[in-house]
Amino acid sequence: MADQDMLETDEPLLVAQSLSKSYGRIAACRDVSFSLYPGEVLAIVGESGSGKSTLLQLLSGQLAASAGHVSYRMRDGITRDLATLGEAERRFLFRTDWGFVHQDPAQGLRMAVSAGANVGERLMAVGWNHYGRIRDTASDWLTRVEIDIARIDDAPRTYSGGMRQRLQIARNLVTEPRLVFMDEPTGGLDVSVQARLLDLVRSLVSELGLAVVIVTHDLAVARLLSHRVMVMKGGRVIETGLTDQVLDDPREPYTQLLVSSILPP
Amino acid sequence: MSTPMTAMIDVANANKTFTMHLQGGIELPVVSGVTFRVEASECVVLSGPSGAGKSSILKMIFGNYRCDSGRIGIRHRGAVIDLATAEPRQVLNVRRATIGYVSQFLRAVPRVATIDVVAEPLIVNGMARADAQTRAGKLLHRLNIPERLWQLPPATFSGGEQQRVNIARGFISELPILLLDEPTASLDAANRAVVVELVAEKKRQGVAMVAIVHDDEIRHLIADRVVDVTSFAAAA
């Protein structure tokens with residue numbers, strides 16, 4: 001039931017056209033096309049091995065496609081094919097206009113430096129150099145993700161799993177990205193911790209008007225956060241539509257199987 | 001012959017069948033040839049026995065169930081949009097600006113306070129939080145939810161309390177179309193009377209409503225017209 005303000009602009013932010021990726025004779029991702037609009041949350045669901053993580057890496061330019069294109073509308077309004085960006089441009093995009101929330105926070109954080117530095121580092125990477133302002137902004141973000149300011153100088157390796165994940169989110173959002181990729185962000189967390197994180201992500205996404213591509217195998221996560229879902233199986237998108245439509249009125253045999261496998265609350 | 005659409009809802013020849021792939025591909029016809037219109041300031045009640053497809057029709061109008069064929073014309077921001085063929089983004093826009101749905105059960109978001117659950121539809125449409133909360137409080141008060149509960153998430157409330165929170169959330173909006181799925185199912189007489197009043201107020205404001213109500217007395221009080229769903233029974 002994510003229902004934040006969705007602008008009726010007709011210009012997509014991210015467009016995937018016939019994306020495919022094969023490893024030798026194995027096709028991990030076949031002919032995927034879609035458009036993502038500003039403020040839209042798209043969930044990619046499917047079992048492990050369905051190709052959803054590969055797709056996320058293709059979309060975020062971390063993996064080169066065997067065929068097809070990904071284009072992105074940059075902050076200057078010009079849409080560029082990601083494959084034509086230079087390495088520096090791509091890195092800059094990753095540090096400013098994009099976020100990437102990994103399932104394992106250790107992949108997205110520097111575990112040995114302080115929480116404040118983890119958040120501040122992204123600001124320094126985009127040219128902030130005033131220590132006081134960086135620290136204030138970092139404190140502000142720790143508060144927004146419900147981390148006690150008293151822990152700002154502690155390294156995330158002293159944090160619980162849920163706190164680490166919230167810190168990773170703060171680190172990603174501090175540069176006010178327009179698009180965030182999330183790979184099973186609640187994957188390794190206890191159920192109670194998951195609920196808190198989902199609620200936090202849901203309100204941040206709607207306050208900031210973020211576009212999100214979230215990979216999850218958990219249909220409850222998709223229902224809570226996303227506007228639209230794509231169901232993947234064997235590297236293909238087999239069903240797509242409005243989240244509640246696909247989950248309440250699934251058409252494909254595989255989607256019906258996924259939906260019927262949820263335990264009732 | 002086609003005339004320009006004046007109705008708020010214009011359902012024409014809509015069909016719905018479920019194909020149960022996990023049960024050997026059984027075809028489960030739900031409704032066929034669903035055709036009716038709802039004008040502004042009118043409450044149409046769908047009647048028919050359990051299983052006749054009343055809730056399915058409401059869900060089709062909300063874009064929650066997909067139609068196999070036919071048309072779900074909705075008057076949205078001065079134009080007509082066919083929800084049977086609309087893009088997901090358009091359906092979401094229609095839900096934000098035009099159609100509200102009051103289901104029997106509250107799908108509560110963990111940790112959100114009752115007052116905010118109710119105020120949210122106004123905030124989403126741009127009202128200041130404080131004003132939205134004031135309006136939410138008035139409605140909760142009318143529906144006899146004591147003020148000491150307003151700051152608590154509704155997840156732990158009784159069934160009847162949750163339903164009243166849900167009704168408040170549905171009726172607080174200023175949307176021109178409301179779909180009501182048994183809004184009085186688990187309410188006592190006093191609260192049923194409040195819902196009847198709320199429906200009457202919405203009619204005066206020009207809202208078009210489609211409702212499912214099993215209680216005959218409530219149906220008499222709110223229905224301007226009854227559409228018998230058994231005539232849309234799908235030929236099995």
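Predicted model: local features only at pLDDT ≥ 70, side-chain atom pairs only at ≥ 80, totals over all residues.
1. Of the area that chain A buries against chain B, A:Leu242, A:Asp249 and A:Arg251 supply 20%, more than any other three residues.

2. Local features need pLDDT of at least 70 and side-chain atom pairs count only at pLDDT 80 or more, while totals for chains, interfaces and linings use all residues. Residues are numbered from 1 along each chain as its sequence is written, chains are lettered from A and ligands numbered from 1 in the order in which they are written, and side-chain values use heavy atoms, with hydrogens and water left out.

3. In contact across the interface (heavy atoms within 4.5 Å) are 36 residues of chain A and 28 residues of chain B. Five salt bridges are counted between the chains; the term means a side-chain nitrogen of Lys or Arg within 4 Å of a carboxyl oxygen of Asp or Glu. The side chains of B:Arg66 and A:Glu239 form a salt bridge at 2.6 Å, N to O.

4. On the side of chain A that touches chain B, the elements giving two or more residues are α7, β10 (236-242), α9 (243-248) and α10 (253-260) of chain A. The largest share, five residues, comes from α7(A). Helices (H or I, at least four residues) and strands (E, at least two) are DSSP runs, numbered from the N terminus.

5. Helix α3 (residues 114-124) of chain B is mostly covered, with 10 of its 11 residues buried. Buried means under 20% relative accessible area, exposed over 50%, and partly exposed in between (1.4 Å probe, protein chains only). Among the buried residues of α3(B) are B:Ile115, B:Val118 and B:Leu122. The buried residues of this helix pack against α7 (191-208) of chain A, and also against α2 (88-97), α4 (129-142) and α5 (159-171) of chain B. After α3(B) comes B:Gly126, with a positive phi near 100 degrees.

6. Chain A has 10 helices and 10 strands. Its radius of gyration is 18 Å, close to the 18 Å that the globule rule gives for 265 residues, so chain A is as compact as a globular protein of that length. The radius is taken over C-alpha atoms, and the rule is 2.2 Å times the number of residues to the power 0.38. Buried residues make up 53% of the 265 residues in chain A.

Terms used: Buried area = accessible area lost by both parts, 1.4 Å probe.
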